[in-house]
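Dear colleague,

I am passing on the model below, together with some notes on what turned up in it.

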Amino acid sequence: MLSEFLLTEMNRLGAQDALPLHRQLYEALRRAMLDGKLGAGERLPSSRDLAQDLGLSRNTVVAAINQLSVEGYLASRVGSGTYVNESVPRALPGRATRRPGAPGGNGSVPTGRLSTRGLALSTTFCATELEVQPFTPGIADFSAFPLTLWQRLQNKHWRMTYPDMLDYNDSGGYAPLRRAIADYLRVFRSVQLDADQVIVTTGTQQSLELCARLLADHGDTVWVEDPAYWGAVKAFMATGLAIHPVPVDDEGIHPGTADDAHPPKLIYLTPSHQYPTGAVMSLPRRHQLLSTARAHGAWVLEDDYDSEYRFSGPPISSLEGLDNDGRVFYMGTFSKVLYPGIKLGYLIAPRPLAAAFKQAHYDLNRPGQMPLQAALAEFIEMGHFSSALRRARQNYGERRAALLDALKPVLAPGTEGPFISGAEQGLHLCLRLPATVDDAALAQRIAQQGLTVRPLSAYCLARHDLKGLVIGYGYAPLREIQRCGPVLAAAVRQALGTLPAEH
């Protein structure tokens with residue numbers, strides 16, 4: 001019966017999407033017509049009968065029928081009733097009708113309709129498989145962030161907002177914020193800049209895409225570290241560049257003669273804390289890299305994604321600070337210090353290109369969020385950013401120490417056995433494993449115990465010699481690291497054959 005079908009559909013929709021009753025009935029009736037359960041020209045039961053059969057108010061039924069009539073699914077005949085419109089399309093035999101909100105009839109995107117580039121973007125280097133956040137899943141700890149203060153500053157600037165603050169912005173961002181960023185980078189990162197070179201973006205991804213679009217043409221080559229940051233790979237894939245992987249060693253990216261056979265237009269790197277191995281680029285290697293870029297006429301994209309968190313040794317100065325040719329583009333983000341959803345970052349363009357980048361950024365991205373930028377500028381100017389950073393650095397330092405302590409039993413002297421790289425800075429470290437260990441299988445076994453780590457081999461583009469676990473501690477509370485760290489260590493020891501399988 002029609003009423004049974006409608007009730008079944010409404011129950012499903014209510015449980016799945018929490019739609020209001022009139023919308024549930026609208027979707028159920030629409031589905032009945034498209035599936036052929038209500039044929040073209042067939043008379044609909046009266047609103048009174050439908051309300052009684054379905055246990056709904058008559059107003060609810062009338063609202064659904066009126067909406068279907070407006071959209072052309074139903075037609076009313078004076079003195080006769082309401083009928084299914086003759087022009088309503090029928091579902092083809094053997095083919096399921098797409099459910100509301102679903103991307104395809106079977107709940108999946110029809111990949112055959114994607115472009116070659118679209119298919120590659122949707123199936124390779126996926127963030128859900130590679131992003132390093134908690135090593136205990138489902139926990140995001142922003143307890144150190146001064147949320148009440150932040151809300152007060154945002155409310156203040158919304159109350160004070162002038163009409164032009166609600167428009168797009170073509171100057172590269174809110175001027176006081178650009179000055180605050182410039183002052184911070186000059187003092188703490190040794191970046192050579194003035195405020196006119198600062199372009200506020202929605203984060204590193206947008207900065208990378210802007211550089212790729214303005215500095216290279218389709219098919220040009222970009223050198224990328226191997227292993228690589230997945231977000232950069234995706235950005236370059238999306239802009240049609242040819243990605244050439246260059247191996248990383250303990251001193252950072254290490255191009256050789258074979259790489260020179262693939263001359264780059266862009267060179268992307270994370271010199272202060274290589275992602276994901278954590279290697280810090282040495283000073284000789286930095287000079288060598290700049291010399292190589294000069295020889296090829298290439299632009300250097302420096303991603304300084306987590307330099308705020310340095311736990312041992314002196315701060316690492318930026319590569320841009322060594323650049324005398326004006327070929328380094330420097331980028332950073334506020335997501336690591338404040339919270340990921342703030343979606344604010346910055347790109348520092350060489351002076352001769354700053355105006356062109358601002359114009360292109362305006363034309364391509366229509367930047368805005370000026371009240372948010374104003375709140376952040378005041379947050380920095382009043383010293384709250386520095387205070388939040390100090391608190392966060394202390395909290396993350398404690399978590400890092402607890403994780404290192406838990407992993408001590410699995411470490412071995414030298415570089416043949418397990419060792420840790422990249423623990424001096426940032427919110428993740430890399431537990432390097434012997435080449436004989438299947439790090440992907442190990443990560444899966446660890447996942448079965450409720451913990452999330454990533455295999456180092458999954459970040460490699462052309463290499464097959466690196467094995468390890470990339471472990472994030474920024475989103476795992478201290479007590480969880482203390483509880484789960486030994487579980488993680490035991491799983492690694494078992495994989496190394498130093499612990500009985502039944503342990």
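Two strands are taken to pair if DSSP finds at least two bridges between them. Helices (H or I, at least four residues) and strands (E, at least two) are themselves DSSP runs, numbered from the N terminus. On that basis, four bridges join strand β7 (residues 266-269) to β8, and the two run parallel, with Tyr 268 standing opposite Leu 301 in β8.

This is a predicted model, in which local features need pLDDT of at least 70 and side-chain atom pairs count only at pLDDT 80 or more, whereas totals for chains, interfaces and linings use all residues. Residues are numbered from 1 along each chain as its sequence is written, and side-chain values use heavy atoms, with hydrogens and water left out.

The chain holds 17 helices and 14 strands, and its C-alpha atoms fill a box of roughly 90 × 65 × 50 Å along the principal axes. Of the 503 residues, 50% are buried, where buried means under 20% relative accessible area, exposed over 50%, and partly exposed in between (1.4 Å probe, protein chains only). Taking contact to mean heavy atoms within 4.5 Å, 73% of the contacts between residues at least 6 apart in sequence join residues at least 24 apart.

The open sheet of eight strands has the order β3-β10-β9-β8-β7-β4-β5-β6, with mixed pairing. Its edge strands are β3 and β6 (252-253), each of which pairs on one side only. Strands β3 and β10 run antiparallel and are joined by four bridges, and Ile 199 has Leu 347 in β10 as its bridge partner. Two helices pack on this sheet: α8 touches β3, β9 and β10, its direction making about 115° with that of β3, while α13 touches β3, β8 (299-303), β9 and β10, its direction making about 20° with that of β3. Angles here run from 0 to 180 degrees between N-to-C directions, and axes are lines fitted to C-alpha atoms, for helices over the stretch in contact. Within the sheet, β8 is largely enclosed by the rest of the structure, because four of its five residues are buried.

Helix α13 (residues 351-365) has 15 residues and should span 21 Å at 1.5 Å a residue, which agrees with the 21 Å between its end C-alpha atoms; the expected span is 1.5 Å times one less than the number of residues. Its buried residues are Ala 354, Phe 357, Lys 358, Ala 360 and His 361, and what covers them includes α8 (175-188), β3 (198-201), α9 (204-215), β9 (328-333) and β10 (345-348). Just after α13, Arg 366 takes a positive phi of about 45°.

Helix α9 also packs with helix α10 (residues 230-238), at an angle of about 35° and with the axes 9 Å apart. In this contact Gln 205, Leu 208, Glu 209 and Ala 212 of α9 meet Gly 231, Ala 232, Ala 235 and Phe 236 of α10.

A further open sheet, of four strands, has the order β11-β12-β14-β13 with antiparallel pairing, and its edge strands are β11 (419-421) and β13 (454-455), each pairing on one side only. Strand β13 pairs with β14 (residues 467-472) over two bridges in the antiparallel sense, and Pro 455 stands opposite Leu 469 in β14. Helix α15 (residues 384-407) packs on this sheet, touching β11, β12 (428-433) and β14, and its direction makes about 15° with that of β12.

With best regards
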